[in-house]
Number of protein chains: 2
Amino acid sequence: MKTYLDCIPCFFRQALEAARMAGASEETQKEILDKVAGILPDFPLTSPPPEMARIIHGVVKKYTRVDDPYTEVKKKSNNLALSIYDKLKGKLQNSHQRLLTSIELAISGNILDYGVKNSLNVDKELEKILVEEKRVIDTENNALFNYPQFQKAIDNARTILYLADNAGETVFDRILIEEIKNMDNNKNIIYAVKEKPAINDALIEDAYFCGIDKSAKIISSGSDAPGTVLSRCSKEFLKTFNKADLIISKGQGNYESISSATGPIFFLLVAKCPVIARDIGCRVGDIILLSHKLRA
Amino acid sequence: MKTYLDCIPCFFRQALEAARMAGASEETQKEILDKVAGILPDFPLTSPPPEMARIIHGVVKKYTRVDDPYTEVKKKSNNLALSIYDKLKGKLQNSHQRLLTSIELAISGNILDYGVKNSLNVDKELEKILVEEKRVIDTENNALFNYPQFQKAIDNARTILYLADNAGETVFDRILIEEIKNMDNNKNIIYAVKEKPAINDALIEDAYFCGIDKSAKIISSGSDAPGTVLSRCSKEFLKTFNKADLIISKGQGNYESISSATGPIFFLLVAKCPVIARDIGCRVGDIILLSHKLRA
């Protein structure tokens, strides 16, 4: 996805949020916004938004000397998500459509507000999300949530590359990954996180902490962009990307990065922002399970 | 009110909206955003946001050569509001607290979405707003909606300066102004609009079109800032401002401009944005009738 003009106000919002997260003074916050303003005219709109986000977070790191402003946020999200792992597994046990339920759980991890205080709150919020999701997924006979095709793609794939999104959410991804392995233990699943801090995106240590290694191989994209900007990824990652039978691209950042890439990609995300919703052709809040082929 | 850092993303949003309203091409829209980015580092945060808005809309005018991008919006708002003038008067006839009802109507004009298609829609939306407002105003015994003090201030004032906000809304202001005149025909009411186009703010011609001249003297602030930035106002306006027994400051732009000014000011607005809500100490969506003295 190219960068839309509507992304520009949001870049400044992101810069401000990250600066504050890093504990910057008002003065430093302003310096960071001014620096972003200085970079803006030279940023090509043909690049995807995560490329600019990468630059912005580089500026924040440089001005605040905080390498990972979201450390605490990620730690908290991981712990909260892990604390309800058994409950998530319980929901799956009661399901008659285990794969669909595990997709619903995976996407819930993207909607969940980890800012709520404890595992009880998170569990309640999750219940609410699942009910709402059910409605969206069941009532709309929607090409944008193409479960039958996804099922087939899973069945036919031997090597699956799963592009991670946020920390915490990783626990929910684990549920889906474990279910895929449960269907066929011979499948080779690779879970790709970011190489270096990128907003609250999961890193190698988050993936291990959340127990992904029990059923998938953990690799990094080789990049610190909050998405999978292919031109920023390592050669090693690209080899995996190009060889995979199926790529599950989780969340907005990955969609933004590779919505125009070729490959057997399925996008699994909630369209949280109006720009992405317009790009996909859905409404804000819609849950998307979209085959790249259908899109092309 | 000073410019908060959170206003900065919003400046870019405003620039983009105005550029589109002026019919700018994508390319020109980007040029406008880049120009705003170039100005940002030199804009002092001690200035109120309408000062930056003034600069932004100047850039839009310069790059698009459209002097008044909001002409059609204002025309439509005026016509729609005028088409329900009789209904508004009807609501007042049935009221046992005519001044309070006319304040409620005046503030409704600020909440109303003039984008809805016809006078029937507008009437329905208005009904909904009035019901919601009643709840806010009646249930919260709130220093931020100080009606008794406002009543007293109206009683004691001979010359009242009413600082206008948007076109269309002007019809709703007229209801309040007529009610004040109805209470005491000797009161001298002056309605101040902007001198030149400033977003969708009312101009001299809007005030006349909406029939304000029947009960108030119409003047301009002498400025094209979408607020009452005193340093930008004409000497003549400032004389009126300084002499008035009571100043009714309508809407956010005026609040932002003179929240720190001295004078017998009453702010009548809906806090639509989180920055202003924080500055006032209320929630987004709250209806505010706030004495400047209480504030100081």
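A:I32 sits in helix α2 (residues 26-39) of chain A, where helices (H or I, at least four residues) and strands (E, at least two) are DSSP runs numbered from the N terminus. The model is predicted, so that local features need pLDDT of at least 70 and side-chain atom pairs count only at pLDDT 80 or more, while totals for chains, interfaces and linings use all residues. Residues are numbered from 1 along each chain as its sequence is written, and chains are lettered from A in the order in which they are written.

**Surroundings of A:I32**
- A:I32 counts as buried because it has 25 C-beta neighbours inside 10 Å, the cut-off for buried being 20 or more other C-beta atoms within 10 Å, with C-beta atoms placed from the backbone.
- Leaving aside residues up to four places away in sequence, A:I32 touches A:A15, A:A19, A:A24, A:V59, A:V60 and A:Y63, a contact being two C-beta atoms within 7 Å.
- A:A15 lies 17 residues from A:I32 along the chain, and their C-alpha atoms are separated by 7.2 Å.

**Chain A as a whole**
- Chain A holds 14 helices and six strands.
- Of its 296 residues, 47% count as buried.
- Among contacts in chain A with a separation of 6 or more, 71% come from residues 24 or more positions apart.
- The C-alpha trace of chain A spans about 55 × 40 × 35 Å along its principal axes.

**The two copies**

Definitions and conventions
A residue is buried if 20 or more other C-beta atoms lie within 10 Å of its own, exposed if 12 or fewer, and partly exposed in between; C-beta atoms are placed from the backbone.
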